[in-house]
Amino acid sequence: CFKNAVIRLNDDSSWTVNGVIWNKARQVCSDLGKPVDWSKLKGPHEGNWPWSKIFGDGQTFRREVIQWCLGRMAGFGKTVTIPKINRSGAGTDEALTGLEAEGFQYLIHLSEHYPDAIWPSKPFTFETKCMALRKEICSRLRNEQDSLCEWPKWYCSMNLRAAQQMALKDMKQSSNQGLASFLWMLVGQGKTLTVLSFLEATRSSKFIIWSLPKSALGSVGEIIREVGWYPVILFPSEGLQEKYIKEDDSIPSTVKRKLQSKMVTLIEHDHLRMLADPLASQMCDTAFIFDEVHKAMQSGTQRTASALRLARLAKQLVALTGTPIVDKSGYGLMEWLHRSSPSQCHHLIS
């Protein structure tokens, strides 16, 4: 609604839009075409789907499907899209999660009851007329996605430095908006403690997965222990676990795919692709931390595909790095920023 508006920064550091102060200009009213009935938010669906004469009536929607849709509706882009699928059944532009079909059905359900917030404009694309209504829908859905947090009590004598406190403030603000956090801090600035402080401040998830390079297992595990929490390394096979035990064994390890609510599960980058399938169904209750995310920015690799697949399903997502761009295309960076930026990133990198 501010397209072609004249936006000015005044001498007193205040902003105006077409001469109107920002706090007043931002109060935009929208006339809704259909009254809002919040009882319809989570279903069940009424009637069959538009493309079927026998399916749809009475259908309910799983928590992980709603979580997937929340990820698609995050941010302030006017469109919500369903990933494209190529002839081989894989994603054309992004890795698939297996929830796309049911997620599309839920978005259709929302469009039937809240057409001003989300409306199918063309195949597998939805448009938003009233962003405030879409944000309210997302807020209500997030509040109902409760996870039982059983993390141990926080014990930490370390104080956050100014840069860490600023990062923590931004991360909490993003979380309140339903967005992921993209944390760019240089080596030695305390990324691990900052992320742990964020998890403690929010306590919104049941499980924690921390994917990281093998070389960082020891240092990250040490900081986790210093705050009173317990790390455990998840291996995809007993053979890899036995090799680790012979070489190090400083951190407890397991091959059990069921996540433990009182442990911080550490997974090496190179092992994530072998664990993506059993972990996917647990991500709607999981805080997913991807350390050194620049290692998952190359298009076409199994590591990137697996990391992005789990990231799109996670209840909370934190991507952290000291090297945000690894090639001039910026493909991987934009894929991660789509989850953490409040606006669209298509033209962020030229």
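**View 1. Strand 5 and strand 6 form a hairpin.** In this predicted model, strand 5 (residues 119-122) and strand 6 (residues 125-127) pair in the antiparallel sense over 3 bridges. Helices (H or I, at least four residues) and strands (E, at least two) are DSSP runs, numbered from the N terminus; two strands pair if DSSP finds at least two bridges between them. W119 stands opposite E127 in strand 6. The hairpin has 2 residues between its strands, and F124 in the turn has a positive phi of about 60 degrees. Residues are numbered from 1 along each chain as its sequence is written, and side-chain values use heavy atoms, with hydrogens and water left out. As the model is predicted, local features need pLDDT of at least 70 and side-chain atom pairs count only at pLDDT 80 or more, while totals for chains, interfaces and linings use all residues.

View 2. S197 is buried, with a relative accessible area of 10%. Buried means under 20% relative accessible area, exposed over 50%, and partly exposed in between (1.4 Å probe, protein chains only). A polar atom of the S197 side chain lies 2.8 Å from the backbone oxygen of L193. Leaving aside residues up to four places away in sequence, S197 touches W154, L160 and L168, where contact means heavy atoms within 4.5 Å.

**View 3. The buried residues of helix 7 (residues 217-226).** L217, V220, G221 and I224 are buried. These residues lie on the same side of helix 7 because they cover an arc of only 100 degrees around the axis; the arc is that of the directions from the helix axis to the C-beta atoms. An α-helix has 3.6 residues a turn, so residues three or four places apart point the same way. The buried residues of helix 7 pack against helix 6, strand 8 (207-212), strand 9 (231-234), strand 11 (264-268) and strand 12 (286-291). Just after helix 7, G228 takes a positive phi of about 95 degrees.

View 4. A disulfide is counted here as a pair of cysteine sulfur atoms within 2.5 Å. For C29, the closest cysteine sulfur is that of C130, at 9.8 Å, which is too far for a bond. C29 is exposed, with a relative accessible area of 76%. For C284, the closest cysteine sulfur is in C69, 13 Å away and also too far for a bond. C284 is buried, with a relative accessible area of 4%.

Terms used. Polar contact = N/O pair within 3.5 Å; in protein donor to acceptor, adjacent residues only side chain to side chain.
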